[in-house]
Amino acid sequence: MLMHPPNLASVHMQPLPRVSVEQASEQLASHSGPFVVTGAMDDAQWGMLRWHGLEPLRSRWPFASADLFPSNMLSEGNRHGEWLVQLPRGLSILASGLGPNDTDIEVEPDAPSGRYLHLQLTPAMWASLQEDNLIPSGAGLVHLLLDANGWQRSCLSAPQAAEYHMKLHWKMVIAGTRGAGMYNHTDYLGAGSWHAHLSGSKWWRLCGPESAGWRCVEGVVREGEVLFYGGTWSHQTQCVEDTTVTITDTVVHEENFERLADRLHLECTSNVREVGFTAGLCDALDKCYAHMHRRFRGVPAPSGRWRTWREEAGRQRLSDDVDGATVLEERERIDAAERDAWQLAATEWWWKRGQAG
Ligand SMILES: O=C(O)CCC(=O)C(=O)O
């Protein structure tokens, strides 16, 4: 079934647990590891995600840029050869491979076959999908999973939310040919994720800590199903069919918000190069930590739990400092350089990034 057999770990594999739509909320609340919601898209809310192929994306965002991985993402350690392309071109290469006009894009000679395309979605792009009933919206959603970003509304402006989403890969469409997959990794942010499988099917192996030690689960998630996993679970994947398309979002809840807030705080206060947040976003995130604490714990955060990033970063030098700049100064420089781009991303769903070819 798998085009590229994964290395067999010596650990015992259990089947990926499967639950009905009705059981999903309870399963999520139990924090008992990854699970697949079967028949998810027979449900009225999740059912809106029954898209047909990738064609709706091409005409919707002709100028959007996407990350193309023509050399697969299966092997840990290599660069995975990421190429920024405009979405229609990326979709053509995904479907047919590189053509005679694609000499600017290189494929690593020994890469396992399989091409991946990642489209980052800004809140404005997400909203346009909601407006067209391609993603559910509004209050009273059956699933917490579909409204797990509400905390952002009271602390991030539209441009800040656009920056946050794009730099953290918060919401994405992921499309792969058979054999394309991602090497084993744990998500940097430590938050949870859901992946709705819109077409094709994908093999997943996930391992995570449990009270009794370590648990690994594996299985194929099929069209119409939704996978959820928590932020401490490592995962590796492989598309089983041409073309496998998923849409994914990050889930913040009472169990993981402190881990996420600590990670974002560290991101703002230490070396700026990992994600490169702007100063304005870090100012806003200072408010988000307090807001998340009130929302998920029901009480204000203890004083000093997250000191403002300016307090901490103003004294701290860049780790590859050449001219004595502090983290704060460098972050303000990024702020000034990017301000217009995030304003545009917040208002225009066809956001253009760089000089995507
Ligand atoms: O869809 C995939 O192949 C893997 C996605 C993933 O690992 C992630 O979003 O962190």
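Helices (H or I, at least four residues) and strands (E, at least two) are taken here as DSSP runs, numbered from the N terminus. The model is a predicted one.

**Exercise 1. State how many helices and strands the protein has, and what share of its residues is buried.**

Step 1. The protein contains nine helices and 13 strands.

Step 2. A residue is called buried if 20 or more other C-beta atoms lie within 10 Å of its own. Of the 357 residues, 42% count as buried.

Step 3. Among contacts with a separation of 6 or more, 77% come from residues 24 or more positions apart.

**Exercise 2. Give the strand order of the sheet with nine strands and identify its edges.**

Step 1. The order of this open sheet is 2-3-11-8-13-7-6-4-5, and its pairing is mixed.

Step 2. Strand 2 (18-19) and strand 5 (83-86) are the edge strands, each pairing on one side only.

Step 3. Within the sheet, strand 6 (residues 116-120) and strand 7 (residues 171-176) run antiparallel and are joined by five bridges. His 118 has Ile 174 of strand 7 as its bridge partner.

Step 4. Helix 3 (residues 87-96) lies across strand 4 (65-69), strand 5, strand 6 and strand 7. The helix runs at about 110° to strand 5.

**Exercise 3. Decide whether Leu 117 is buried or exposed, and list its contacts beyond its neighbours in sequence.**

Step 1. Leu 117 belongs to strand 6.

Step 2. Within 10 Å there are 27 other C-beta atoms, and Leu 117 is therefore buried.

Step 3. With neighbours within four places in sequence set aside, Leu 117 is in contact with Ala 66, Leu 68, Gly 90, Leu 91, Leu 94 and Ala 175.

Step 4. Ile 93 is 24 residues from Leu 117 along the chain, and the C-alpha atoms of the two are separated by 9.3 Å.

**Exercise 4. Describe the sheet with four strands and the place of strand 12 in it.**

Step 1. This open sheet has the order 1-10-9-12, with mixed pairing. Its edge strands are strand 1 (13-15) and strand 12, each of which pairs on one side only. On average, neighbouring strands of this sheet are turned by 25° against each other, direction ignored.

Step 2. Strand 9 (residues 201-210) runs antiparallel to strand 12, and six bridges join the two. Trp 204 stands opposite Thr 237, and Trp 203 has Gln 238 as its bridge partner.

Step 3. Strand 12 is mostly covered, with five of its six residues buried.

**Exercise 5. Identify the residues around the ligand and sort them by class.**

Step 1. The shell consists of Ile 174, Gly 181, Met 182, Asp 187, Ser 193, His 235, Thr 237, Thr 246 and Thr 248.

Step 2. By class, two of these residues are nonpolar, six are polar and one is charged.

Step 3. Strand 12 (234-239) and strand 13 (244-251) each supply at least two residues of the shell.

**Exercise 6. Examine the backbone at His 31, Asn 72 and Thr 243.**

Step 1. Most residues other than glycine have a negative phi, and most peptide bonds are trans.

Step 2. His 31 is not a glycine, yet has a positive phi of about 50°. His 31 is placed in the loop between helix 1 (21-29) and strand 3 (35-37). With 12 other C-beta atoms within 10 Å, His 31 is exposed.

Step 3. Asn 72 also has a positive phi, near 65°. This residue lies in the loop between strand 4 and strand 5. Asn 72 is buried, because 28 other C-beta atoms lie within 10 Å.

Step 4. The peptide bond from Asp 242 to Thr 243 is cis, with omega near -20°. Thr 243 is in the loop between strand 12 and strand 13.

Technical notes. Residues numbered from 1 in each chain as written. Predicted model: local features only at pLDDT ≥ 70, side-chain atom pairs only at ≥ 80, totals over all residues. Pairing = 2+ DSSP bridges. Contact = placed C-beta atoms within 7 Å. Axes fitted to C-alpha atoms, helices over the stretch in contact; angles between N-to-C directions. Near = placed C-beta within 6 Å. Nonpolar A, V, L, I, M, F, W, Y, C, P; charged D, E, K, R; others polar.
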